[in-house]
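This report looks at how the parts of one protein chain are arranged and how two of them meet. Please keep the sequence and the model in view while reading.

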Amino acid sequence: MGKVTGFKEFERQDEAYKPVKDRVKNYKEFTVSLSEPELEKQGSRCMDCGIPFCHSGCPLGNLIPDFNHMVHQGEWQKASWILHSTNNFPEFTGRLCPAPCEKSCVLGIIEDPVSIENIEKNIVERAFKEGWIKPQPPKTRTGKTIAVVGSGPAGLAAAQQLNRAGHTVTVFERDDEVGGLLRYGIPNFKMEKEIIDRRIAILEAEGIIFKTNVNVGINYDVEDLKAFDSVVLCGGATERRSLPTPGIDADGVVQAMDFLTQQTKVLFGKKVENQVMATDKNVIVIGGGDTGSDCIGTSNRHGAKSVVNFEIMPKPPGHRSPTTPWPFWPLQLKTSSSHQEGVERNWLINTKEFVKDKNGKLTALKTVNVEWKMVPGERPQLIEIEGTEKTWPCDLALLALGFTGPESTLADKLGIKTDARSNYKAEYGKYQTNIPNIFTAGDMRRGQSLIVWAISEGREAARQVDLYLMGKSNLPSKDITGDLVAM
């Protein structure tokens, strides 16, 4: 695989970023691509490692050494075919995935791992540019109809796979555009929305029907789902976590997803009443994950006076922690491009009160430093440190605290069982709920997770639906060993 000595000859090279002062003036993607010869060198770094642990790191089971080898040889069209054989939307994962494959790369034990994600993005971009990605409608139709509820990555993957099997698929999306959180939850500077639109055009040409502004269970009667032979629920985990903190109702305490969604809608000329702006404000983002990072980048583009980030957990180490050795996902500090644009980051800090004035407007946050006490056999305890109380000026507090699970509307109205975490229950490996013809996949089934898991779940659920309807399936599946199998 690759060049036998490639990993010795070439160092890892990543895409460069445009200067901060330039990129914060707009919402466009700001990466600077490597040249084709350099990308081919990066593909040649893939070792002939015998056991490619990147396969186990990737929930999709992407054939990573294979497409790296094709890039090394300059066989970009073959690389595209290999990549698309396991991943419906590499243009999404190549931009948004945290790349667990790279964290389990064998080369990563001794050197910087192979730049798998960037190679993946460049393969699919080359494929679109050259016109290699074309609609592939099924040659025949089965006569079976399927409703997919939700058009995020899980729903889109399920829809494309089921359509390829010859079923007639209708995708319902409650928002005004297709894409789920990809559309409005991810800022344009991370993924421009034309990237979604060009893929949707392919899916429509293949015969998939999309219906927007349809909120199943609200403005679309769940009884109407009975007209379909099967239903796949891919509504995501969209119940936002809040804080049981005094003053949480202050004017200026805003859920991160509302803030991000509004900005993206405005960017595309959609009407948003009373848009939340960070301009000339002291902004505090509570939550240290990707959504918090997106809020930081958006606040800087608004022209915030200051941006501060709070995280209640300890600061991770700069390098892989011994507690998460290779090939596991590492406990390690992540510094995103948005962090580099300007933010004061704070760890082990807990918000005690949102301070508001007589008009109910947010003016400050009161915090205290904390530590985690570990007691064997017990859950970790959060301990406040006396004398560390502090008041921070704040005009806008953005809650980027993740999601507690899926909304209960469909489960309640359809009679679907849920688990202790409110996720929609499905039979292990079959994605089938307690109602035989209704399946579920993605965050709605497993809770908030990664985009690669969403696509993987959509693909796997599609195969199970095909088996349920037809008794057999030619759709591929990634079994528990990570190999691709088909019946």
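Which residues does UniProt list for "domain: FAD/NAD(P)-binding"? The unreviewed entry gives residues 145–458, in the numbering used here, with shortened feature names and annotations that may be inferred rather than shown by experiment.

## Basis of the model

The model is predicted, with local features needing pLDDT of at least 70 and side-chain atom pairs counting only at pLDDT 80 or more, while totals for chains, interfaces and linings use all residues. Residues are numbered from 1 along each chain as its sequence is written, and side-chain values use heavy atoms, with hydrogens and water left out.

## Annotated spans and assigned domains

Residues 145–458 are 24% helix and 24% strand, and their end C-alpha atoms lie 17 Å apart; helices (H or I, at least four residues) and strands (E, at least two) are DSSP runs, numbered from the N terminus. The unreviewed UniProt entry also lists residues 23–131 as "domain: Dihydroprymidine dehydrogenase", a span that is 54% helix and 2% strand, with 29 Å between its end C-alpha atoms.

The domain assignment, whose bounds come from an automatic or database source, divides the chain into domain 1 (5–130), domain 2 (145–238 + 403–470) and domain 3 (242–399).

## Where domain 1 meets domain 3

Taken over C-alpha atoms, the centres of domain 1 and domain 3 are separated by 31 Å. Their contact (heavy atoms within 4.5 Å) takes 16 residues from domain 1 and 14 residues from domain 3. The area buried between these domains, that is, the accessible area (1.4 Å probe) lost on putting the two parts together, summed over both, is about 1,400 Å², and carbon and sulfur atoms give 66% of that area. Val 24, Tyr 27 and Lys 103 supply 47% of what domain 1 buries against domain 3, more than any other three residues.

Across this interface the rule finds 1 salt bridge, defined as a side-chain nitrogen of Lys or Arg within 4 Å of a carboxyl oxygen of Asp or Glu. The side chains of Arg 23 and Glu 341 form a salt bridge, at 2.7 Å from N to O. On the side of domain 1 that touches domain 3, α2 (20–23) and α8 (100–103) each supply at least two residues.

## Backbone details

Most residues other than glycine have a negative phi, and most peptide bonds are trans. Trp 326 and Pro 327 are joined by a cis peptide bond, with omega about 5 degrees, and Pro 327 is found in the loop between β10 (306–311) and α15 (337–340). Ala 99, in the loop between α7 (90–96) and α8, has a positive phi near 60 degrees.
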